[in-house]
Amino acid sequence: MAQKARTATAVEKKLIGVADVVIHAAERRKDPTLTIPIRSLSNVTFNDRKGLIEMGKRKQARSFFNVGMAKKFMQTVLVADALCELQRANLTTSLREIYYRSKHTIKNSHENTLDTQDESDPLIEDLEVSLEALREELHVRAENAGSIVGPLVLVDDGDRVDCARLGKGGYSVPSIVEPEYLQIRQCTADFLLLVEKGTQWNRLSEDKFWRRYNCVLLTGNGQPPRGVRRLARRLHEEKRLPVYVLVDNDPWGYYIYSVIKQGSINLAFESQRMAIPKAKFVGLSSADPEAYELPRNVGIKLNDKDVARAKELLGYTWFQKKSWQAEIKRMLSSGLKYELDALANKDFQFLTKKYLPRKLKEQDWLD
Amino acid sequence: MAAPGRKESPSKPDSPAALPKPTVSAVEMGARQREISVSEFFTKNRHLLGFDNPRKALLTCVKEAVDNALDACEEAGILPDVVVKLEAVANGSNGTTPPPASQASRFRITITDNGPGIVRQQIPPIFAKLLYGSKFHRLRMSRGQQGIGISAAGMYGQLTTGKPVQIISRTSARAPAHYFEVQIDTKKNEPMILEKKQIDWESPRGTQVTLEVEGRYQKGRASVDEYVEQTIIANPHVKLTYLTPEGETKEFRRTYDQLPAAPREIKPHPYGIELGMLLKMLQDTKSHWLSGFLAGDFSRVSPRLAEDICKAAGLSPRARPRDVHGQAAENLYKGIQATKIMAPPTNCLSPIGEQAILAGLYQQIKGDFYTAVSRPPAVYRGNPFVIEAGLAYGKGPEQAQERQARKEIPLAEGEVAENDSELARVIRYANRVPLLYQQSACVCYKAVLDTTWRNYGVAQSRGAVPSGPMVIFVHMASVWVPFTSESKEAIAEYDEIRKEITLALRECGRRLGAFLRRRERAHSEFRRRNIFELYIEEVVESCNRLKSGKLAVAKLRDQLQKMAMKRTGGEKTDELLGQNGGGPEGLPHSIIVTPEGVEGAVPAAIDAAPVVAASPNGGPAATAARPARRAGKTKGRAKSKRAARKRG
């Protein structure tokens with residue numbers, strides 16, 4: 001607890017620093033300016049040795065006396081204020097509540113400080129990056145959007161949670177899974193399987209796949225939220241579990257895998273504690289339809305967006321391995337994408353009984 | 001109403017060809033074939049003349065009577081003073097008290113003018129004989145063309161209510177006033193006089209027509225009210241009093257005290273002639289020599305030019321016109337096209353003029369910006385014509401303030417500030433007469449669609465009229481307006497006409513664009529300043545909260561405000577903002593209305609108190625200078641104004 005209180009004040013200090021920027025600049029008759037690291041593809045590099053996406057050093061200046069930036073600057077200060085209030089009250093909240101907390105009409109006008117949540121969300125990310133404070137440290141949480149099941153015992157707020165005794169539903173992964181909030185008491189699994197979609201996770205859980213293969217099943221329902229990624233990373237790091245990823249065979253599936261493995265472009269600064277460079281891609285691979293005799297008619301034609309996205313992926317430095325280039329190009333040349341759900345075409349339990357067992361036996365995965 | 005156009009012939013086109021015996025012999029058929037009187041034809045086909053439904057019929061009757069009144073006044077050189085009176089009339093069968101206007105099915109229309117009056121003998125045929133009139137045989141610009149209008153209206157009344165047309169006319173204060181009640185003999189197309197007498201009449205001169213017709217009064221699009229308003233826009237020299245069936249009196253003051261220049265008759269212009277027409281003219285001419293024919297039967301062809309044309313065509317100027325046919329005629333036609341000929345004379349046309357259009361728009365439509373463009377004359381099929389376009393943009397300063405007041409309530413998420421999604425309104429005129437029906441068939445409307453309004457800062461979706469609070473005015477003045485039908489509702493599409501309209505609209509658009517850009521600039525300058533002032537407060541308060549309320553708030557605010565002032569140029573911006581309405585410099589024939597005042601050539605109301613305060617810098621009242629000179633004057637004025645500002 002003592003440690004927790006100390007970090008909180010550190011974050012609080014950082015937030016108050018935003019006000020100091022304004023005050024000091026005003027003293028010296030200078031334009032108040034915040035420097036914010038740029039969060040885009042142009043400012044990330046792939047560290048080949050560590051297997052991580054890292055943020056570059058380039059920064060943007062956000063100054064108040066600039067017509068284009070004045071409003072954003074004002075909003076940033078407002079959001080910092082709201083976050084600081086959270087620190088002082090020692091509460092956690094959601095992005096949306098931050099938005100509502102900061103929204104009001106500007107005095108003597110009909111203008112709102114914020115019009116939509118789309119305006120405040122990036123500002124929170126800006127503050128995370130520029131203050132080098134994690135979102136959890138800022139006390140902002142996301143939805144509980146993940147589930148976990150397997151031979152695993154967790155302690156959440158002092159409650160013992162045995163993930164092997166939670167039925168089909170499993171344990172809902174909270175958004176903040178830092179050791180202060182969630183401890184891993186015991187884990188006897190051999191590996192961790194991260195599934196993109198809830199449907200397949202349910203199938204595997206219902207069929208007690210984890211019991212037969214002694215693994216932990218985890219899903220993030222689409223692009224996994226931070227909590228899920230962080231928990232996977234902790235299990236990988238603390239319990240030495242190899243991580244396998246099962247996603248749809250489309251550009252978005254590939255990207256989900258890459259985010260788990262190397263980190264995302266937008267939150268590159270968090271790769272250090274989120275990414276799992278040793279994660280393996282088990283499927284669905286563009287080679288699988290042939291290997292597992294999936295009929296062509298369960299494929300979906302790639303649309304223009306898919307093709308454009310796939311071509312973007314081909315250009316990313318972290319997709320330059322020969323096997324990956326071949327994988328993506330194979331999908332492009334077939335012109336089709338396959339959902340995990342398509343496996344049900346063969347049999348409802350094809351995934352549990354045939355597909356995964358064979359994959360694991362043949363060690364047929366991409367790195 | 002009789003079934004429209006029942007087929008006379010019993011033979012069916014789809015009956016099998018090989019019938020053993022014709023059922024009707026040629027003799028029998030011949031016995032049935034007889035002349036159809038025009039009046040009978042129109043009784044059956046009244047929709048051709050604009051009497052398709054009761055609502056439209058009411059409008060058509062008013063329109064025909066007003067057109068005649070205005071034509072007569074203008075030809076006689078009298079500033080028109082017209083009274084339009086509509087009264088609901090009880091329907092004979094159900095009582096004597098007239099029903100309310102919205103439910104009435106019968107109306108009495110009374111149009112009174114101060115025109116020259118009509119001589120006694122002419123009154124019956126003018127009002128009760130179709131195709132009788134003064135305008136058909138002339139190549140001269142006027143509202144009416146065929147001499148159908150008013151008699152058709154009378155016939156419609158006769159057909160639907162059985163009431164005759166009542167006319168009072170007086171030619172001068174010394175002459176007596178004549179009262180007539182006439183009807184039309186639909187078989188013979190001849191007038192029947194039911195009553196005629198001399199009466200006492202309060203007006204010293206003029207004509208009054210009273211018609212009783214079946215109709216329906218409903219406001220809105222294509223209503224009598226709209227017709228009256230639009231008429232006033234294009235005819236600001238008219239004083240019009242409109243007594244609505246609801247008992248209201250609407251006075252439209254005269255805002256322009258110059259009669260339009262009297263149009264003259266002309267001969268066809270060579271460029272507009274088609275080969276077939278040329279051949280016909282070659283046959284019909286009274287000239288003996290080809291050169292004489294060219295110089296005599298066309299406008300803008302001098303004897304010398306005639307010889308040039310002959311040379312270009314490889315024909316002898318001495319050739320007999322009647323002998324020129326076949327290839328020679330074709331050569332002549334080509335020769336004409338190859339020779340440079342002056343544009344046709346414009347004195348046959350009487351355009352409204354930029355000043356008058358501005359005056360009309362300004363009086364009738366609330367807006368922030370007005371402009372008008374008169375194109376130089378052009379020719380289609382030998383008929384000279386002039387296109388004029390005008391534009392009124394915005395909602396006027398009063399409405400702008402209203403909108404401001406409504407914005408007081410802050411918006412919720414997803415709620416968008418009320419956007420001006422209303423579409424522009426196109427008002428069309430032919431020889432000063434508003435066209436209210438068949439908008440989409442009209443070349444004016446098509447030209448509006450064709451114009452890329454987005455270039456001028458106005459939103460426009462594909463294939464639609466531009467959107468925004470805007471009224472687009474298009475007028476075609478010509479000796480012969482090519483209507484798509486007899487009811488004169490839409491102008492036919494000729495490339496020349498379309499091109500001229502497009503050019504006029506583009507010029508209007510360019511001026512509007514300049515105005516909008518300027519307003520936007522002033523607005524953004526204002527915003528730039530406002531932004532900092534507004535946000536400083538927010539930033540200071542947030543900082544104070546971050547600092548747990550231990551901040552010297554006033555000091556920080558002061559420091560920031562000083563910096564804001566310095567950065568936005570301080571007082572210099574004030575000056576700039578003060579100039580934002582800076583008069584329509586560089587925008588000829590335009591009026592700009594701002595909450596502070598009105599700028600540009602604002603028409604002074606002539607016969608009453610001014611509608612809006614005159615322009616602050618004493619914009620000269622509209623004087624009727626010739627268009628060319630006027631343009632020069634405007635430029636000069638703008639220049640001197642700019643100079644004055646520099647000095648100040």
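Analyst: Two residues are in contact if their C-beta atoms, placed from the backbone, lie within 7 Å. This is a predicted model, in which local features need pLDDT of at least 70 and side-chain atom pairs count only at pLDDT 80 or more, while totals for chains, interfaces and linings use all residues. Residues are numbered from 1 along each chain as its sequence is written, and chains are lettered from A and ligands numbered from 1 in the order in which they are written.

User: Which residues is L114(A) in contact with, leaving aside its neighbours within four places in sequence?

Analyst: With those neighbours left aside, L114(A) is in contact with Q75(A), Y99(A), S102(A), K103(A), E119(A) and S120(A). L114(A) itself lies in the loop between helix 3 (95-102) and helix 4 (117-131) of chain A, where helices (H or I, at least four residues) and strands (E, at least two) are DSSP runs numbered from the N terminus.

User: Why is L114(A) called buried?

Analyst: A residue is buried if 20 or more other C-beta atoms lie within 10 Å of its own, exposed if 12 or fewer, and partly exposed in between. L114(A) has 22 other C-beta atoms within 10 Å, and is therefore buried.

User: What makes strand 5 and strand 8 of chain B edge strands?

Analyst: Two strands pair if DSSP finds at least two bridges between them, and the open sheet of eight strands in chain B has the order 5-4-3-6-2-1-7-8, with mixed pairing. Strand 5 (190-199) and strand 8 (249-252) of chain B each have a single partner strand, so one side of each is left without a neighbour in the sheet.

User: How do you know that strand 3 of chain B is joined to strand 6 of chain B?

Analyst: Five bridges join strand 3 (residues 165-170) to strand 6 (residues 206-214) of chain B, and since a pair needs at least two bridges, these strands do pair. They run antiparallel, and S169(B) stands opposite T207(B) in strand 6 of chain B.

User: Which residues of helix 9 of chain B are buried, and what do they pack against?

Analyst: In helix 9 (residues 303-313) of chain B, the buried residues are A306(B), D308(B), I309(B), C310(B) and A313(B). They pack against helix 8 (290-297) and helix 10 (326-338) of chain B. After helix 9 of chain B comes G314(B), whose phi is positive, near 70°.

User: How many residues of chain B are in contact with chain A, and which element gives the most?

Analyst: In chain B, 24 residues are in contact with 30 residues of chain A. Helix 14 of chain B gives the most to the side that touches chain A, with 12 residues.
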